[in-house]
Amino acid sequence: MINFSLMRERLVKREYDRFLAKRRARLRRSDFSIICTNCIGGVMYHDLGLEFLTPTVNLTISMPDLVKLAGNLKWYMEQPLLELDLGKPYPVAQLGEGDDSIQVDFIHYDTFQDAQEKWEERKRKINYDRLVLIGAEKQGCNYEILRRFDQLPWPNKLIFTRVPYPEFSSACYIKGFEDQSELGTLTNFKPQFFKRRYMDDFDYVSFLNGLQ
């Protein structure tokens, strides 16, 4: 008896493997460090088969704090991670103090020690000569944050948005979330036959190939 479900699963997997292989073959550089608000950057590295040259993997940083971080990245990378007890089911830490502090939610780590070890290991791999900043219209992002993000003096930056913002050169509109209050999870797969993430609507390989 023919198992059509299994045949479909194998077909979809083969097609997706070819899709990723083509993306990897088109990539002309691998020396970039993505500083990102959430898991988008980590998924880019993973799908392209690259080493994580950034500490902002498997975690989230609010958009206001990401803008703050990007405004003084080297200084923040010199600050120790301070564990916070906020009663969340994952480790939370703080960089800096007072008005300069930012919060890092290590949503995919079990312990603060594991998160701290990976943060310290990966921050030493940052290539400050090839930085990429990636944001998203969620996690505390409003129009003022979009404006401040767009004005950051980073030549390589983009922010995914739920509606078009032609006034911001760094904005990248992803369809499907126009009726929502914030952008959805772009690393999720779309409800369709062949596997594609929402973020795959953007040709990020061409973007990475054109880094300054």
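**A walk through the contacts of a predicted model**

R130 and D31 form a salt bridge, with their closest N and O atoms 3.6 Å apart. This pair links distant parts of the chain: R130 sits in the loop between helix 5 (112-123) and strand 5 (131-136), D31 in the loop between helix 1 and strand 1 (33-36), and 99 residues separate them. Please keep in mind as you follow along that the model is predicted.

How exposed are the two partners? R130 has a relative accessible area of 18%, and because buried means under 20%, R130 counts as buried. D31, at 28%, is partly exposed. Leaving aside neighbours within four places in sequence, R130 is in contact with R29, D31, F32, S33, L211 and Q212.

Let us stay with charged side chains for a while. Side chains of opposite charge can pair when their charged atoms come close. A search of the whole structure finds 16 salt bridges. One of them joins the side chains of R26 and D203, at 3.0 Å from N to O. Here too the pair links distant parts of the chain, with R26 in helix 1 and D203 in the loop between strand 7 (171-173) and helix 7 (204-209), 177 residues apart. R26 is partly exposed, at 37% relative accessibility, and D203 is partly exposed as well, at 31%.

K68 pairs with D65, the closest N and O atoms being 3.9 Å apart. How far apart are K68 and D65 along helix 3? They are separated by about one helical turn, because they lie 3 residues apart in that helix, which spans residues 63-71. D65 is buried, with a relative accessible area of 13%, whereas K68 is partly exposed at 28%.

Next come the rings. The count comes to 14 aromatic pairs. Among them is the pair of Y143 and Y165, which is tilted, with 6.1 Å from centre to centre and 55° between the planes. Y143 lies in helix 6 (residues 143-151) and Y165 in the loop between strand 6 (157-161) and strand 7, so the pair ties together parts that are 22 residues apart in sequence. Which of the two tyrosines is buried and which is partly exposed? Y165 counts as buried, at 14% relative accessibility, while Y143 is partly exposed, at 44%.

Another group of rings is the aromatic cluster formed by Y16, F19 and F189. F19 also takes part in a contact with a charge: R196 lies over the face of F19, at 3.8 Å from the ring centre. A lysine does something of this kind over a tyrosine, for the charged end of K74 sits over the ring of Y128, 5.0 Å from its centre.

For a view of the surface, find L11 in helix 1, which covers residues 4-26. L11 is partly exposed, with a relative accessible area of 33%. Together with F193 and F194, L11 forms a nonpolar patch on the surface, and the three have about 240 Å² of accessible area together.

Helix 2 (residues 40-47) gives a view of the interior. The buried residues are I40, G41, G42, V43, M44, Y45 and D47. After helix 2 comes G49, whose phi is positive, near 70°.

The last stop is another glycine. G210 is placed in the segment after helix 7, and at 51% relative accessibility G210 counts as exposed, because the exposed class takes in values over 50%.

Key. Residues are numbered from 1 along each chain as its sequence is written. This is a predicted model: local features need pLDDT of at least 70, side-chain atom pairs count only at pLDDT 80 or more; totals for chains, interfaces and linings use all residues. Side-chain values use heavy atoms; hydrogens and water are left out. Patches are made of residues with over 30% relative accessible area and no salt bridge: like charges are joined within 9 Å, nonpolar side chains (Val, Leu, Ile, Met, Phe, Trp, Tyr) within 5 Å. Accessible areas come from the Shrake-Rupley method with a 1.4 Å probe; for residues, only the protein chains shown count as cover. A salt bridge is a side-chain nitrogen of Lys or Arg within 4 Å of a carboxyl oxygen of Asp or Glu. Helices (H or I, at least four residues) and strands (E, at least two) are DSSP runs, numbered from the N terminus. Buried means under 20% relative accessible area, exposed over 50%, partly exposed in between (1.4 Å probe, protein chains only). Rings of Phe, Tyr and Trp (its six-membered ring) pair if their centres lie within 6.5 Å; planes under 30 degrees apart count as stacked, over 60 as edge-to-face and the rest as tilted. A charge sits over a ring if NZ of Lys or CZ of Arg is within 6 Å of the ring centre and within 35 degrees of the ring normal. Contact means heavy atoms within 4.5 Å.
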